[in-house]
Amino acid sequence: MGACDLRINLGGMEMKNPVMPASGAYDYFEHNADVFPMDRLGAVMVKSVHRHPREGNSAPRITEVLGGMINAVGIPSVGIEAFMAQELPRFDAIGAPVVLSLSGHAPEHYYESAEIVADDQRVGAIELNLSCPNVGTGLPFSATWLDFMDSISEGVAMPLGALLMSVWIGWFVGPKLIRDEVDLEGHKMSGSLYGFFNFCIKFIVPVAMAFILYGMVADFMIIPKP
Ligand SMILES: Cc1cc2nc3c(=O)[nH]c(=O)nc-3n(C[C@H](O)[C@H](O)[C@H](O)COP(=O)(O)O)c2cc1C
């Protein structure tokens with residue numbers, strides 16, 4: 001059987017096959033250079049390049065867990081100007097078109113970076129990284145109003161509702177009402193279980209919910225790092 005023709009045209013970029021590594025997930029130089037003949041890739045996708053230099057998260061950034069790994073690298077970047085001058089030339093030798101993944105935390109960052117690279121023949125295509133939630137900055141402007149409503153209902157309304165309900169039941173209505181309800185169902189709440197429930201609903205639940213609510217609200221207020 002002859003070789004298959006896997007060529008595709010992706011938005012004007014010719015690729016000999018539709019295979020390219022995901023952004024940030026492949027190290028073309030330091031560790032993987034001899035593992036795979038990279039000129040056989042349809043394209044090379046670079047790790048997202050931020051508009052301005054940024055350090056990313058502090059170590060540890062990656063850890064193994066059962067069945068996989070968790071990473072919070074935080075898009076460290078030299079910034080688009082330094083990338084084009086110092087890092088892009090390294091990709092010339094690979095022999096596959098380069099897809100440039102751009103990141104930023106404001107729409108202007110994407111326009112500016114795209115303008116800087118627009119006429120550069122070494123860039124085959126641009127990908128916009130609008131979703132990387134681990135930098136806490138991509139989502140706000142790529143999310144829809146439904147995502148916003150979702151985070152309000154899950155992040156604020158639910159812990160606030162639970163906080164108010166526990167205060168109301170624990171301190172105003174009285175947990176006895178709950179015990180009576182349980183009894184009505186034909187179950188019996190023992191004295192020690194009732195004491196534990198009483199303590200939890202009065203003290204533990206309000207404090208825990210207040211912590212969660214504070215954490216969620218503080219998260220909303222994060223000011224993006226440049
Ligand atoms: C260590 C690491 C770094 C990553 N860095 C970036 C990045 O810089 N830009 C980006 O858009 N995605 C980045 N990603 C996300 C990957 O591109 C990819 O979307 C993710 O691993 C999910 O791929 P999958 O759905 O095939 O598992 C990174 C992923 C990992 C594991």
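This is a predicted model: local features need pLDDT of at least 70, side-chain atom pairs count only at pLDDT 80 or more; totals for chains, interfaces and linings use all residues.

Biologist: Is the crossing in which helix 1 passes helix 2 left-handed or right-handed, and how do you know?

Modeller: Helix 1 passes helix 2 in a right-handed crossing. Residues are numbered from 1 along each chain as its sequence is written.

Biologist: What makes helix 1 and helix 2 roughly parallel?

Modeller: The axes of helix 1 (residues 80-91) and helix 2 (residues 107-117) cross at roughly 30° and come within 10 Å. Because of that angle, helix 1 counts as roughly parallel to helix 2 (under 35 degrees is roughly parallel, over 145 roughly antiparallel, 65 to 115 roughly perpendicular, the rest oblique).

Biologist: Which residues in helix 1 and helix 2 meet?

Modeller: From helix 1 come Ile80, Glu81 and Met84, and from helix 2 Ser113, Ile116 and Val117. Contact here means C-beta atoms, placed from the backbone, within 7 Å. By class, the contact of helix 1 with helix 2 has four nonpolar, one polar and one charged residues.

Biologist: Why is helix 4 called roughly antiparallel to helix 6?

Modeller: Helix 4 (residues 145-173) and helix 6 (residues 191-220) have axes that cross at roughly 160° and come within 9 Å. That angle is why helix 4 is roughly antiparallel to helix 6. Their contact has 17 nonpolar, three polar and one charged residues. The crossing of helix 4 and helix 6 is left-handed.

Biologist: Which residues are closest to the ligand, and how many surround the ligand?

Modeller: 13 residues surround the ligand, with Ala22, Ser23, Gly24, Ser48 and Asn129 the closest. A residue is near a molecule if its C-beta atom, placed from the backbone, lies within 6 Å of it. By class, this shell has six nonpolar, six polar and one charged residues.

Biologist: What makes the peptide bond that joins Ala59 and Pro60 a cis one?

Modeller: Omega of the bond joining Ala59 and Pro60 is about 0°, and the bond is cis. Pro60 lies in the loop between strand 4 (49-50) and strand 5 (62-65).

Technical notes: Ala, Val, Leu, Ile, Met, Phe, Trp, Tyr, Cys and Pro count as nonpolar, Asp, Glu, Lys and Arg as charged, and the others, Gly among them, as polar. Axes are lines fitted to C-alpha atoms, for helices over the stretch in contact, and angles run from 0 to 180 degrees between N-to-C directions. Helices (H or I, at least four residues) and strands (E, at least two) are DSSP runs, numbered from the N terminus. A crossing is left-handed if the near helix is turned anticlockwise from the far one by less than a right angle, and right-handed if clockwise. Two residues are in contact if their C-beta atoms, placed from the backbone, lie within 7 Å.
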